[in-house]
Amino acid sequence: MMQKSSHKHILVIRLSAMGDVAMTVPVLRAFTQTYPDIKVTVVTKSFFKPFFRDLKNVSVFEADLKGRHSGLLGLWRLAKELKLLKFDVVADFHNVLRSNILKIIFFFFGKQTVQINKGRAEKKALVTGQHFKQLKTSHQRYADVLEGLGFQVDLSNPTFPERASLDEELVTFIGKDTKRWIGVAPFAAFAGKVYPIDLMETVIDDLSKRYKVLLFGAGKEEELLLKKLSENKSQVLNLAGKFSLSQELDIISNLDLMVAMDSGNAHMAAMMGIEVVTIWGVTHPYAGFYPFNQSKQNAALADRKQYPQIPTSVYGKTLPKGYENILRSVSPEQVIAKVEHILT
């Protein structure tokens, strides 16, 4: 594809959340491969910086949204600091209050901003039952922003990073046996997206008979739950709270498969080219947040005949009365069968 733009430095804004930031990575990888001479600066939280570590000509500017860049004065300070980078145009992948304020400031700096169209009306129609159809993916919406700046990005033939070499600490913890590695990330931001822990234990116990199972989570509560799931199970390892995000990405890049909810871990695995089996409760892939480049057969979906309001919301915040056991309509056998289909 030919470059239609004279821009040499693009500022990309995507401040949060984890899954949404991870979804920018395949898009920016495709962009940098097509336009290797264009510099990209991503403005995001410092925690997400490792996501972009293998992208050539991409750097991260760390936004301190709870410190020096908080509030209106902080955003003004952030804009002035960014101006020093001498970027040409802005790709706003977020389109929230903070990025809209930055857009106004950048306008007075003489900088063009193209913002993501989140398709809010379409998504509202989806969750209110006005229609039930596949919406444009977030990945394509990001690519559309870049197209608005004059750059065509093709997501149909993706490439992914090589498996990372594990450091000595990781090798010692995980071991060197030849069993295949399956990651399991059983948590999500909202209850309607979290597979019941007793059913997940059944999945883990079955898979650990044939594979090494690595458990991913964050925060004290998740650490304690994963500790219980891994106790007295030599082939189940709890990674929660033990390693940095960069180390976890190294591990994920070496997985044979990830089992995850509609959550950030699914997108982290997908951005690295790892097969992902996703378990869906009150949300649905039609909203556009399905992990990148994954077969639709990899999704274990809650029973929509039994729970016709699916999706109840775009992000899973809404759990209608009577839907508390929605994820029990996905049996452990269904999840295990999808894993085995991929690995055999």
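1. In this predicted model, helix 1 passes helix 5 in a right-handed crossing. Helix 1 covers residues 18–34 and helix 5 covers residues 138–148. Their axes lie 9 Å apart, and the packing angle is about 50°. Helix 1 is therefore oblique to helix 5.

2. The residues behind this packing can be listed for each helix. Helix 1 contributes Asp-20, Met-23, Thr-24, Pro-26, Val-27 and Phe-31. From helix 5 come Ser-138, His-139, Tyr-142, Ala-143 and Leu-146. Sorted by class, the contact of helix 1 with helix 5 has 7 nonpolar residues, 3 polar residues and 1 charged residue.

3. Arg-29 deserves a separate point. Arg-29 belongs to helix 1. Is Arg-29 buried or exposed? Its relative accessible area is 5%, and buried means under 20%, so Arg-29 counts as buried. With neighbours within four places in sequence left aside, Arg-29 is in contact with Asp-54, Leu-55, Thr-159, Phe-160, Pro-161 and Met-271.

4. Turning to the strands, 5 of them form an open sheet with parallel pairing, in the order 3-2-1-4-5. Strand 3 (58–62) and strand 5 (112–115) are the edge strands, and each pairs on one side only. From one strand to the next, the twist averages 25°. In general, strands of a sheet pair through backbone hydrogen bonds.

5. Helix 3 (residues 97–108) packs on this sheet. Helix 3 touches strand 1, strand 4 (89–92) and strand 5. The direction of helix 3 makes about 155° with that of strand 5.

6. How many of the residues of strand 1 are buried? For strand 1, residues 9–13, the count is 5 of 5. Both faces of the strand are covered. His-9, Leu-11 and Ile-13 are buried on one side, while Ile-10 and Val-12 are buried on the other.

7. Strand 1 and strand 2 (residues 39–44) run parallel and are joined by 5 bridges. Two residues of strand 1 can be followed across to strand 2. Ile-10 has Val-40 as its bridge partner there, and Ile-13 has Val-43.

Note on methods: Residues are numbered from 1 along each chain as its sequence is written. This is a predicted model: local features need pLDDT of at least 70, side-chain atom pairs count only at pLDDT 80 or more; totals for chains, interfaces and linings use all residues. Side-chain values use heavy atoms; hydrogens and water are left out. Axes are lines fitted to C-alpha atoms, for helices over the stretch in contact, and angles run from 0 to 180 degrees between N-to-C directions. Helices (H or I, at least four residues) and strands (E, at least two) are DSSP runs, numbered from the N terminus. Angles under 35 degrees count as roughly parallel, over 145 as roughly antiparallel, 65 to 115 as roughly perpendicular and the rest as oblique. A crossing is left-handed if the near helix is turned anticlockwise from the far one by less than a right angle, and right-handed if clockwise. Contact means heavy atoms within 4.5 Å. Ala, Val, Leu, Ile, Met, Phe, Trp, Tyr, Cys and Pro count as nonpolar, Asp, Glu, Lys and Arg as charged, and the others, Gly among them, as polar. Buried means under 20% relative accessible area, exposed over 50%, partly exposed in between (1.4 Å probe, protein chains only). Two strands pair if DSSP finds at least two bridges between them.
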